[in-house]
Amino acid sequence: MALDPGLRECGVALFDLDSGELLAAGMPTNPERKARGLTTWSRMAGGVAAFVSTFLEPLRAAGVAVSVTVASECPQVYTAGKSKGDPNDLIELAGVVGRVAGELRATSKRSFLPREWKGTLDRDVMVERIKARLGERPHEHLRVQLPRAQDKHHNVWDAVGIGLHVVGRLAPRKVFPR
C-alpha cells in the first residue's frame, strides 16, 4: 500500500508487489475535521484501514495470504524560502503514517522523500508520467477513484506514483536513437 499522508485525507494506492499491478487507488477522508494529535491520527488511520479492507478482505476470505507493506512519502522540512505552511504540521503527518502502519499491521514499512521517488519534476509533469505508466495497462486507470475536488486529485496521483516507484514502474525511460 502506497500512502500520501494527510491529516484530513490521504492518497492511498494498493499494488500487488509480485505483479506490480495497481489494484485500487483513492482518497479516504478523516471525519475528525478540527482536532489534532492522536485522535486525528487514529481516525485518519481508521479511514485508510476501512478503504484498504474493502479490497483485501475478499482476498483473505478466499484464503489468499495477504501481507501489507506500507510505502509512504516521508514528511520533509524545507528551507525557509521553499517551505509552505507550518513545519509542525509535518509532525502530525508522521503520526498519521505511524498509525496507518500500525492499524494495517504492516509487515514491512518504507518511506521516501519526495525527491527520491519523483525527483525534481514539476507536479503536473509528474502526474502525466504516472498516468502514462498506468496507460501501459489501461484497465488500471479504471481502478483510480479520484475525489470530486480537482485540487485534491494530486493526493491520489502521488500515492499511485509512490507505489509505481516501489514496484519499479516509474523510473524515467531512456530513448536511444536508431
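Which side chain meets that of R169 in a salt bridge?

A: The partner is E140. This is a predicted model. In it, the side chains of R169 and E140 come to 2.8 Å, N to O. R169 sits in the segment after α5, and E140 in the loop between α4 and α5. The two are 29 residues apart, so the pair links distant parts of the chain. Both ends are out of the open: R169 is buried, and so is E140. Side chains of opposite charge can pair when their charged atoms come close.

Another one joins E9 to K152, with the closest N and O atoms 3.1 Å apart. This pair also links distant parts of the chain. E9 belongs to the loop between β1 (2–4) and β2, while K152 belongs to the loop between α4 (123–135) and α5. They lie 143 residues apart. E9 counts as buried because its relative accessible area, 14%, is under 20%. K152 has 26% and is partly exposed.

E57 and R60 give a local case. Their side chains meet in a salt bridge at 3.1 Å, N to O. Both are in helix α1, 3 residues apart, so about one helical turn separates them. E57 is partly exposed at 39% relative accessible area. R60 is partly exposed too, at 34%.

Now back to α5, the helix that precedes the segment with R169. D158 is found in this helix. D158 is buried, with a relative accessible area of 8%. Beyond its neighbours within four places in sequence, D158 contacts D4, W117 and K118. D158 and L3 are 155 residues apart in sequence, yet their C-alpha atoms are 8.1 Å apart.

The largest nonpolar core has 24 residues. L3 is one of those with the most contacts inside this core, along with M1, V12, V48, V52, V100 and L104. The elements that give two or more residues to this core are β2, α1 and α2. α1 gives the most, with 8 residues. In soluble globular proteins, nonpolar side chains tend to be buried together.

E92 is buried at 12% relative accessible area. Leaving aside neighbours within four places in sequence, E92 touches L7, R36, G37 and W41.

The last stop is the second largest pocket, with about 400 Å³ of space. Its lining has 21 residues, and the closest to its centre are F15, D16, L17, V66 and S67. β2 (11–15), α1 (38–61), β4 (69–73) and α5 (153–166) are the elements that give two or more residues to this lining. The largest share, 3 residues, comes from β2. By type, the lining divides into 16 nonpolar, 3 polar and 2 charged residues.

Conventions:
Residues are numbered from 1 along each chain as its sequence is written. This is a predicted model: local features need pLDDT of at least 70, side-chain atom pairs count only at pLDDT 80 or more; totals for chains, interfaces and linings use all residues. Side-chain values use heavy atoms; hydrogens and water are left out. Buried means under 20% relative accessible area, exposed over 50%, partly exposed in between (1.4 Å probe, protein chains only). Contact means heavy atoms within 4.5 Å. On a 1 Å grid over the protein atoms alone, a cavity is a set of points where a 1.4 Å probe fits but cannot get out, and a pocket is an open set with protein on both sides within 12 Å along at least five of seven lines; lining residues have an atom within 4 Å of a point. Grid points are joined across faces, edges and corners, and a volume is the space filled by probe spheres set on the points. Helices (H or I, at least four residues) and strands (E, at least two) are DSSP runs, numbered from the N terminus. Ala, Val, Leu, Ile, Met, Phe, Trp, Tyr, Cys and Pro count as nonpolar, Asp, Glu, Lys and Arg as charged, and the others, Gly among them, as polar. A nonpolar core is a set of buried Ala, Val, Leu, Ile, Met, Phe, Trp, Tyr and Cys residues joined through side-chain atoms within 4.5 Å. A salt bridge is a side-chain nitrogen of Lys or Arg within 4 Å of a carboxyl oxygen of Asp or Glu.
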